[in-house]
Amino acid sequence: MHCDAIIIGGSFAGLSAAMYLARGRRSVCIVDAGAPRNRFAAHSHGFFAHDGSEPATMLATARAQVAAYPTTTFVEGEAVRAARDGDGFSVRLATGEVHHGARLILAFGISDELPAIPGLAERWGTSVLHCPYCHGYELSGRRLGVLNTSPTSMHQAMLISEWGPATLFLNGAPEPDAATRAQLHRRRVAIEPAPVRALLGTGAQLSAVELSDGRTVDADAIYLSPRNRLNSDIAQQLGCATDEAPLGTIVRTDDVRMTTVPGVFAAGDIVRATHTVAWASADGVTAGLAAHRSLVF
Ligand SMILES: Cc1cc2nc3c(=O)[nH]c(=O)nc-3n(C[C@H](O)[C@H](O)[C@H](O)COP(=O)(O)OP(=O)(O)OC[C@H]3O[C@@H](n4cnc5c(N)ncnc54)[C@H](O)[C@@H]3O)c2cc1C
């Protein structure tokens, strides 16, 4: 297939980009592997007119609206290779299928690398969380914890205390310096130095954190900032420059979300250090619009 633009990743960023290209009457092929990052959460919060909606329903609605434009094509599967091909780009899927596009938009998202603590992964998105703006209000006044996973965890602990009484679980890491301890104290954050052995609770609900010395600390939710990994190395295959953000690699883009490779745009979690559905969608709109204009001018 040859189209005006190929979009790799058909979630919040990719579908937003597709909508603008389709409304610009251009042909778009959306390749999607069907695993959006927030698939673990039952509800998505904070997005204009969709506060509390189910992520899967939001995406199904957006997909149906994009599919209603006759110039859009959806391809289910994983893109594994992309390369410059004449004036445009070719994209190869894991199945061997190849598609060609004059422009390429990368919107393949990131994955969270969760610590290997028993009881943690199965609670991800319910009572083990990353973002209090997304999932904090519903836990107002409850017993909250922050698991030390990166240098940003001190800052996260100070922030989380805005939503409820908070404990910072250092998980065996050295105590923070005196100035940081004083800041945590001012924010009424308790510090628990012992390594964490397991998260306890019923089903996906957390009730306590078990420490290596056998003690337990009651907690209704734990926040952490996991390392992020790009879902694909396609940006690197194409020669797009990347940068190191505090939690992982991001694809470098300019104001209109073009990468350092002309004709290749990028949007969503892969281009920024902080992540929401609203930003991913806005990035997708920006990239879709810029890709469209680059086809005209
Ligand atoms: C547990 C959790 C809860 C969250 N809750 C909220 C919330 O309440 N509110 C909020 O605003 N944000 C929330 N977020 C953040 C939100 O999920 C992301 O910001 C958003 O999903 C980013 O959209 P995206 O389109 O960039 O990437 P994604 O939504 O991750 O989509 C990427 C898409 O690309 C596909 N893909 C990956 N690799 C390939 C490939 N090689 N070929 C083809 N397709 C590929 C994937 O399968 C996926 O469909 C949450 C995140 C998590 C982890």
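These legends walk through several close-up views of one protein chain.

**Before you look.** The model is predicted, so local features are discussed at pLDDT of at least 70 and side-chain atom pairs count only at pLDDT 80 or more, while totals for chains, interfaces and linings use all residues. Residue numbers start from 1 along each chain as its sequence is written.

**View 1. The whole chain, to get your bearings.** The protein chain has 6 helices and 19 strands; both are DSSP runs numbered from the N terminus, with helices (H or I) having at least four residues and strands (E) at least two. Along its principal axes, the C-alpha trace spans about 60 × 35 × 35 Å. A compact globule of 297 residues would have a radius of gyration near 19 Å, and the protein chain has 21 Å, which agrees. That radius is taken over C-alpha atoms, and the globule rule is 2.2 Å times the number of residues to the power 0.38. Buried residues make up 43% of the 297. Here "buried" means that 20 or more other C-beta atoms lie within 10 Å of a residue's own, "exposed" means 12 or fewer, and "partly exposed" is in between, with C-beta atoms placed from the backbone. Of the contacts with a separation of 6 or more, 59% are between residues 24 or more positions apart; a contact means that two C-beta atoms, placed from the backbone, lie within 7 Å.

**View 2. Strand S1 and its two partners.** Strand S1 (residues 2-8) is mostly covered, with 6 of its 7 residues buried. S1 pairs with strand S6 (residues 98-106) in the parallel sense, over 6 bridges; strands count as paired if DSSP finds at least two bridges between them. Look for isoleucine 6, whose bridge partner in S6 is leucine 104. S1 is also joined to S2 by 4 bridges, and these two run parallel as well. There, alanine 5 stands opposite valine 28 of S2.

**View 3. Strand S2, covered on both faces.** In S2, 5 of its 5 residues are buried. Val28, Ile30 and Asp32 point one way from the strand, Cys29 and Val31 point the other way, and all are buried.

View 4. Helix H2 takes in 13 residues, 55-67, which at 1.5 Å a residue should span 18 Å; its end C-alpha atoms are 18 Å apart, so the two agree. The expected span is 1.5 Å times one less than the number of residues. Pro55, Met58, Leu59 and Val66 are the buried residues of H2. They cover an arc of only 90° around the axis, which puts them on the same side of H2; the arc is that of the directions from the helix axis to the C-beta atoms. Over on the other side, Thr57, Ala60 and Ala64 are exposed. Helix H1 (12-23) and strand S3 (72-76) are among the elements covering the buried residues of H2.

View 5. Strand S10 (residues 166-169) is joined to S11 by 3 bridges, and threonine 167 stands opposite alanine 190 in S11.

**View 6. Two arginines with positive phi.** Arginine 25 sits in the loop between H1 and strand S2 (28-32). Its phi is near 65°, a positive value in a residue other than glycine. Arginine 25 has 11 C-beta neighbours inside 10 Å, so it counts as exposed. Arginine 188 belongs to the loop between helix H4 (178-186) and strand S11 (190-192). For arginine 188, phi is near 60°, again positive in a residue other than glycine. With 10 C-beta neighbours inside 10 Å, arginine 188 counts as exposed.

**View 7. Serine 207 in strand S13.** You'll find serine 207 in strand S13 (residues 205-211). It has 14 C-beta neighbours inside 10 Å and therefore counts as partly exposed. Leaving out residues up to four places away in sequence, serine 207 touches Leu200, Gly201, Thr202 and Asp218. Serine 207 and leucine 104 are 103 residues apart in sequence and 46 Å apart in space, C-alpha to C-alpha.
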